[in-house]
Amino acid sequence: RSSGKMGYAVAIAARDAGAEVTLVSAPSELPTPAGVTRIDVETAAQMHAAVLSACETADALIMAAAVADFRPETTSSQKIKKETATLTLPLARTADILKDVAARFPQLVKIGFAAESERLLSHARAKLDGKKLDVIVANDITAAGSGFGVDTNQVTLLHRDGRVDALPLLSKAEVAEHIIAVVRDLLGEKRHTD
Ligand code: CTP
């Protein structure tokens, strides 16, 4: 289960750094940070549409959401009765939001998260390449004090140029500040080369 704490911390850090922030959020008990435009979504498809639309006018996307990879293929408008002994629900893949953003907005600074329970760095590196990101924040969700629900996180930042930054166990607010500092550097570099 995802609490939204990491994403909200990133929104706050970006706001504090002077950015105009749009926070696309799945249901969360967290309060909307002051000065941030929050767009509420409930499904992966709604998140896909909201993120792609916000990217039209954005300089950077930081994608901390734990998006469902599968959805039920069909929905029932009637109650499903229990006569049959077992029930199998066919699932269909949801669209990969980051991949679609990378295809549509190649110039946008893109930072993803990789929640892993094994082979952290190799799986994260594969996502960095596959989703065409600038940086991926790799997160061992089995480590104590890391991952879902808690206020702390221990992450490793993998950069497209091969740099690897292993951060110590920090509060999610501190992790968010690191990420925003990286975004600021990347935006500076892009402006410089444009
Ligand atoms: N992500 C996305 N759209 C999806 C699934 C994931 O944009 N449908 C993003 C997440 O927000 C995150 C990154 O892709 O920034 C990696 O998500 P993760 O759940 O770790 O990996 P998956 O790509 O879903 O791969 P797998 O579940 O096989 O590990």
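Q: What kind of model is it?
A: This is a predicted model: local features need pLDDT of at least 70, side-chain atom pairs count only at pLDDT 80 or more, and totals for chains, interfaces and linings use all residues. Residues are numbered from 1 along each chain as its sequence is written, and side-chain values use heavy atoms, with hydrogens and water left out.

Q: How many residues surround the ligand?
A: The count is 15. The closest are Met63, Ala65, Phe113, Lys127 and Lys131. A residue is near a molecule if one of its heavy atoms lies within 4 Å of it.

Q: What does the side chain of Lys127 reach?
A: An N or O atom in the Lys127 side chain is 2.7 Å from an oxygen atom of the ligand. A polar contact is a pair of N or O atoms within 3.5 Å; within protein, one must be able to donate a hydrogen and the other to accept it, and residues adjacent in sequence count only if both atoms are side-chain atoms.

Q: Which backbone atoms come in?
A: Phe113 has a backbone N or O atom 2.9 Å from an oxygen atom of the ligand. For Ile97, a backbone N or O atom lies 3.0 Å from a nitrogen atom of the ligand.

Q: How much of the ligand's accessible area does the protein cover?
A: The protein covers 78% of the 570 Å² that the ligand has on its own. Accessible areas come from the Shrake-Rupley method with a 1.4 Å probe; for residues, only the protein chains shown count as cover.

Q: Which elements give two or more residues to that shell?
A: They are α3 (97-104) and β6 (109-116). Strand β6 gives the largest share, four residues. Helices (H or I, at least four residues) and strands (E, at least two) are DSSP runs, numbered from the N terminus.

Q: And the shell by class?
A: The shell has nine nonpolar, two polar and four charged residues. Ala, Val, Leu, Ile, Met, Phe, Trp, Tyr, Cys and Pro count as nonpolar, Asp, Glu, Lys and Arg as charged, and the others, Gly among them, as polar.

Q: New topic. What volume does the second largest pocket have?
A: Its volume is about 210 Å³. On a 1 Å grid over the protein atoms alone, a pocket is an open set of points where a 1.4 Å probe fits, with protein on both sides within 12 Å along at least five of seven lines; lining residues have an atom within 4 Å of a point. Grid points are joined across faces, edges and corners, and a volume is the space filled by probe spheres set on the points.

Q: What lines that pocket?
A: The lining includes Asp134, His159, Arg160 and Lys190. Helix α5 (residues 172-193) gives the most, with five residues. By class, the lining has three nonpolar, one polar and eight charged residues.

Q: Is Asp134 buried or exposed?
A: Asp134 counts as buried because its relative accessibility is 7%. Buried means under 20% relative accessible area, exposed over 50%, partly exposed in between (1.4 Å probe, protein chains only). Asp134 sits in the loop between α4 (120-130) and β7 (135-140). Its side chain reaches the backbone nitrogen of Lys110 at 2.7 Å.

Q: What about Lys132?
A: Lys132 is in the loop between α4 and β7 too. At 54% relative accessibility, Lys132 is exposed. Its phi is near 55°, a positive value in a residue other than glycine. Most residues other than glycine have a negative phi.

Q: What is the phi of Arg119?
A: Arg119 has a positive phi of about 40°, although it is not a glycine. Arg119 lies in the loop between β6 and α4. It is exposed, at 59% relative accessibility.

Q: Where is Thr32 found?
A: Thr32 is in the loop between β1 (22-25) and β2 (37-40). It is partly exposed, with a relative accessible area of 43%. A 3.1 Å polar contact joins the side chains of Thr32 and Arg38.

Q: Last one. Is Ser25 buried or exposed?
A: Ser25 is buried, at 4% relative accessibility. Ser25 lies in strand β1. Its side chain has a polar contact of 2.8 Å with the side chain of Tyr8.
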